[in-house]
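User: I would like to learn how to read a protein structure, one feature at a time. Can we work through an example together?
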Protein chains: 2
Amino acid sequence: MAENQSLDLLVQALRRLPGVGVKSAQRMAFHLLQHDRPGALQLAKALQLATEQVQHCVLCHTFTEHDICTTCSDARRDRSQLCVVENPADQAAMERTGAYKGLYFVLMGKLSPLDDVGPHDIGLQKLFDRIRAPAQGADDAVPEVKEVILATNFTAEGETTAHVIAQALKGSGVQVTRLARGVPVGSELEYVDLGTIAHALVDRR
Amino acid sequence: MAENQSLDLLVQALRRLPGVGVKSAQRMAFHLLQHDRPGALQLAKALQLATEQVQHCVLCHTFTEHDICTTCSDARRDRSQLCVVENPADQAAMERTGAYKGLYFVLMGKLSPLDDVGPHDIGLQKLFDRIRAPAQGADDAVPEVKEVILATNFTAEGETTAHVIAQALKGSGVQVTRLARGVPVGSELEYVDLGTIAHALVDRR
């Protein structure tokens, strides 16, 4: 319908959101225009503000409104440990445990040959530069990072990403570790998949 | 995280979309900021444009950018028939059949006591005024609309809405009809629910 051009444009724009098809986009557009026009304007403003303000931390690559994010600029954190995660949500999950006091590097993606995502797309070079960067005021030959903890997801893509990073760091003098695989806390063996039990058996301590 | 205020605001604004929870809103925000900033700005503009431009047709109440929508101002349509539907998507479904040449009234909702939606919320008075409106240039006592076709959905709320409208129009001299219930085209009786078969039997012709 040519007469409703602005409505059609809104439906088209909503379809660019991940997981939103034609029907969902129409339902969203109708809902906003019929019941929540203030919400529509609020969303418009939030989108504009976020695209203007949100950038990547120069050290860990996560989203931030400053050059360096608050985690990276926190002097109380252990600067010798660098935990590599896929995205800010994974970083937030690690933070919620309260068990980690080091720094992060957020890949903002994972290697996924099927989706045509290669090392350049997730900025692996930036990670390697970060790992080799010397401590402030220290001898150029001594990098600040002593241990890289690979905390990519335990999916095919996450494992591949971890493997590629581990291979690239071989012989660099940096210790590379991976999150332990094993039986989740609170689960019964009967319901845990065989691969997980096998890994838990091999990695027993 | 106070440092990412604009990101938090974006996630909050996205949660106002129907069917979008915290996790979906975060995924949408990350996707837009990481992979599709032009899409974010396009959506912001489309939201602003639509809230400015889209209004309700004074005759049929559907979304339009003009005072009267193209359907209502189409001189080739039968002005004696008025089809009552719940929303513009239902109207579009009726139009796609190509079997209806009359006009519409779009309720933009349905009676739903459980959700606190009453006759005033879906503008039933506007519908009754529309039905009683005289034809242009005609005697004031003769309304233009001769038949009201109730095409609300065959759900509990849709049936209630149709029933309330039919009751209100009793004795008004306007013929009130309802879309036929029956077996869907292309379906096998074995897989059709009993209520539908019973209705198809009663309404057999």
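User: Across which strands of chain B does helix α4 lie?

Analyst: Some ground rules come before the answer. This is a predicted model, in which local features need pLDDT of at least 70 and side-chain atom pairs count only at pLDDT 80 or more, while totals for chains, interfaces and linings use all residues. Residues are numbered from 1 along each chain as its sequence is written, chains are lettered from A and ligands numbered from 1 in the order in which they are written, and side-chain values use heavy atoms, with hydrogens and water left out. Helices (H or I, at least four residues) and strands (E, at least two) are DSSP runs, numbered from the N terminus. Contact means heavy atoms within 4.5 Å. Axes are lines fitted to C-alpha atoms, for helices over the stretch in contact, and angles run from 0 to 180 degrees between N-to-C directions. Here, helix α4 (residues 88-97) of chain B lies across β3 (78-85) and β4 of chain B, at about 160 degrees to β4(B). Helix α6 (residues 156-168) of chain B lies across β3, β5 and β6 of chain B, and runs at about 165 degrees to β6(B).

User: In what order do the strands of the open sheet in chain B come?

Analyst: Two strands pair if DSSP finds at least two bridges between them. In chain B, 4 strands make an open sheet in the order β4-β3-β5-β6, and their pairing is parallel. Its edge strands, β4 (102-106) and β6 (175-178) of chain B, each pair on one side only. Neighbouring strands of this sheet are turned against each other by 25 degrees on average, direction ignored. Within the sheet, 4 bridges join β5 (residues 147-150) of chain B to β6(B) in the parallel sense. There, Leu150(B) stands opposite Arg178(B) in β6(B).

User: How many residues of β4(A) are buried?

Analyst: Buried means under 20% relative accessible area, exposed over 50%, and partly exposed in between, with a 1.4 Å probe and protein chains only. In β4(A), 5 of the 5 residues are buried, so this strand is largely enclosed by the rest of the structure. It pairs with β3(A) in the parallel sense over 5 bridges, and Leu82(A) stands opposite Leu103(A) in β4(A).

User: What area do chain A and chain B bury between them?

Analyst: The size of an interface is often given as the accessible area lost when the parts come together. Buried area is that loss for two parts, found with a 1.4 Å probe and summed over both. Chain A and chain B bury about 4,900 Å², 63% of it on carbon and sulfur atoms. In this pairing, 47 residues of chain A are in contact with 47 residues of chain B.

User: Which residue of chain B forms a salt bridge with Asp36(A)?

Analyst: Side chains of opposite charge can pair when their charged atoms come close. A salt bridge is a side-chain nitrogen of Lys or Arg within 4 Å of a carboxyl oxygen of Asp or Glu. The partner of Asp36(A) is Arg16(B), with the closest N and O atoms 2.9 Å apart.

User: Why does the salt bridge of Arg77(B) and Glu95(B) tie together parts that are apart in sequence?

Analyst: In this salt bridge, the closest N and O atoms of Arg77(B) and Glu95(B) are 2.9 Å apart. Arg77(B) lies in the loop between β2 (63-64) and β3 of chain B and Glu95(B) in helix α4 of chain B, so the pair ties together parts 18 residues apart in sequence. Arg77(B) is buried, at 13% relative accessible area, whereas Glu95(B) is partly exposed, at 31%.
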